[in-house]
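I opened this notebook to record what I looked up in the model. The entries follow the order in which I consulted it.

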Amino acid sequence: MVRLSDLSKGEAENLLRLPCPQFDDSPLSVAPDLRAARVALVTSAGISMKDDETFSAGSGDYRVIPNTADASEIVMSHASVNYDRSGFVQDLNTVFPIDRLRELEEAKTIGSIASSHYSFMGATEPGALEKSAKNMIGMLKEDQVNAVFLTPV
Amino acid sequence: MGAPDSPGLQRRVLEAGLGLLARSDVPVLENFSDQDYRTVNEKTDCWSCPVNLPPRTCWIKYPSEALAREISLLAPCRVSNNAKTGRTVFGVSGLDVHEIVTFINSFIADQSIAFSGKDESLAQKLKFAADDLKVWYYEAASLQPGTISEEISEWFWCETAAGETLLQLASLMKISNEKQLTIIGNKGIVPRDFQHLIARIKD
C-alpha cells in the first residue's frame, strides 16, 4: 500500500533498483470461484508464534501460523531494520490480514480459511526459499487450499 | 495493507487482491485506488509523546540513567496501550526490558563480554534486544491517538535515551573485529534514515 512518494529518497531509490522480472508463461491452474475458495495467507513479514524459533537474516525456511492463533501470540523477527514495524505493533492486520480474512469468510465472500498460514523472512534471496516453498505447497495442497493471499514485506 | 486500525480499507485491499483471481488476462499488475488511503493519513492527528520525558540536553552525559528513568515513566503508557489493543509484540529476544537494558549497557561498557547463547550469536542477541527495546517504546508511544510511524521513529531516534543507547551500540558494533557484529552494527540496528545520527555519538 505504501507509495514510492511516501518513502524517504533512499528507500525509494533502493526499491527502484530491484529487478522486475517479465513472465512469458501463464498460471498453471484456473483460479477458483472466490465463494468456493479456501484461502491461506503467505507473508514475508518474518512473523512467528512466540514459542516458535525466530528467523535469522537470509533464512529460507518458514514458520506455520495456525489459523486459530491469537494476535497476542505472534512476534516479528524480520531482519531488516529499515522495515518500519510500528504499523505491525499497532495492528497485526497491516502485514497479516487475518481478521479481515475471517470477516470475508463470515460474509461468505470466500468459502473457507486454511487451517494454517505461512510466514517467511523477507529480504531473502529467492533461491534460498525454493525448497521451503515447495514443501509449503505440499502442506497447502494437503489442507485443500486453492488460493493464497501474499503480503510481501 | 494500509494504515493500522483501518479495517474498512484493509478489507477492500484484500477483496481487490483476491478479486484479481478472476482475471484471465494474466499476468496482472494493478494499482489499488488510493483515495481512502490518502484520507486515512490526512485525518491523522499530530502525534506527541504521552508523557514528558527529560530533553536530550539534560541527560546526554548519562544516557544509561536516563534510559532507566524513561522506562519507568513510559511503563504505565505501555500497560494501558497493551490493555487497549489486547496484545504485545514484545518478546523476540526472550528478555524483559530491564534485562535488555542491562545486556546492551554491558556490551557498551565492555565489547568483550562473555556470551554463551545456545542457538544464537552475540550479534543476533544484540539485534533482537535492540528490536525489542524499540517495540517496547513503540507500544508505549502508541497509546497516544493519531500515532503515525514517521513521528514515532523521529521521536525514538532523536529524542529518547533509548535511541541514543542504540546509536551508541551500533557505533561500537561497527568497529568490532568480529564480522557478524560489524555487519549487524552497520545494517541491523539503526535504520538507513537515521544512520547519520551515529556521527553525533562520536562527537
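Entry 1, conventions. Helices (H or I, at least four residues) and strands (E, at least two) are DSSP runs, numbered from the N terminus. The model is predicted: local features need pLDDT of at least 70 and side-chain atom pairs count only at pLDDT 80 or more, while totals for chains, interfaces and linings use all residues. Residues are numbered from 1 along each chain as its sequence is written, and chains are lettered from A and ligands numbered from 1 in the order in which they are written.

I looked up burial first, calling a residue buried if 20 or more other C-beta atoms lie within 10 Å of its own, exposed if 12 or fewer, and partly exposed in between, with C-beta atoms placed from the backbone. In α3(A), I found Arg100(A), Leu101(A) and Leu104(A) buried. Viewed down the helix axis, the buried residues of α3(A) fall within an arc of 100° (directions from the axis to the C-beta atoms), so they line one face of the helix. I then asked what covers these buried residues of α3(A). The cover includes β1 (38-43) and β5 (112-113) of chain A, together with α1 (7-19) of chain B. Just after α3(A), I noted that Lys108(A) takes a positive phi of about 60°.

I found five of the six residues of β1(A) buried, so the strand is mostly covered. For its partners I use the rule that two strands pair if DSSP finds at least two bridges between them. β1(A) runs parallel to β7(A), with five bridges joining them; here Ala40(A) has Val148(A) as its bridge partner. Two bridges join β1(A) to β5(A), also in parallel, and Arg38(A) stands opposite Ser112(A). With β6(A) (residues 116-120), β1(A) pairs in the parallel sense over two bridges, and Val42(A) is the bridge partner of Tyr118(A).

I recorded 41 residues of chain A in contact with 42 residues of chain B. On the chain A side, α1 (9-16), β4 (74-76), α2 (86-90), α3 (98-106) and β7 (147-151) each supply at least two residues. Helix α2(A) gives the most, with five residues. By class, this side of chain A has 19 nonpolar, 15 polar and seven charged residues; Ala, Val, Leu, Ile, Met, Phe, Trp, Tyr, Cys and Pro count as nonpolar, Asp, Glu, Lys and Arg as charged, and the others, Gly among them, as polar.

I counted 10 helices and zero strands in chain B. Buried residues make up 38% of its 203 residues. An automatic or database assignment gives domain 1 (7-43) and domain 2 (56-202), and 35 Å separate their centres, taken over C-alpha atoms.

I define a nonpolar core as a set of buried Ala, Val, Leu, Ile, Met, Phe, Trp, Tyr and Cys residues joined through C-beta atoms within 7 Å. The largest has 82 residues, and those with the most contacts inside it are Leu126(B), Tyr137(B), Leu166(B), Leu169(B) and Ile189(B). Helix α6(B) (residues 122-141) gives the most to this core, with 13 residues. Both domain 1 and domain 2 of chain B contribute at least three residues each.

How values were computed: Two residues are in contact if their C-beta atoms, placed from the backbone, lie within 7 Å.
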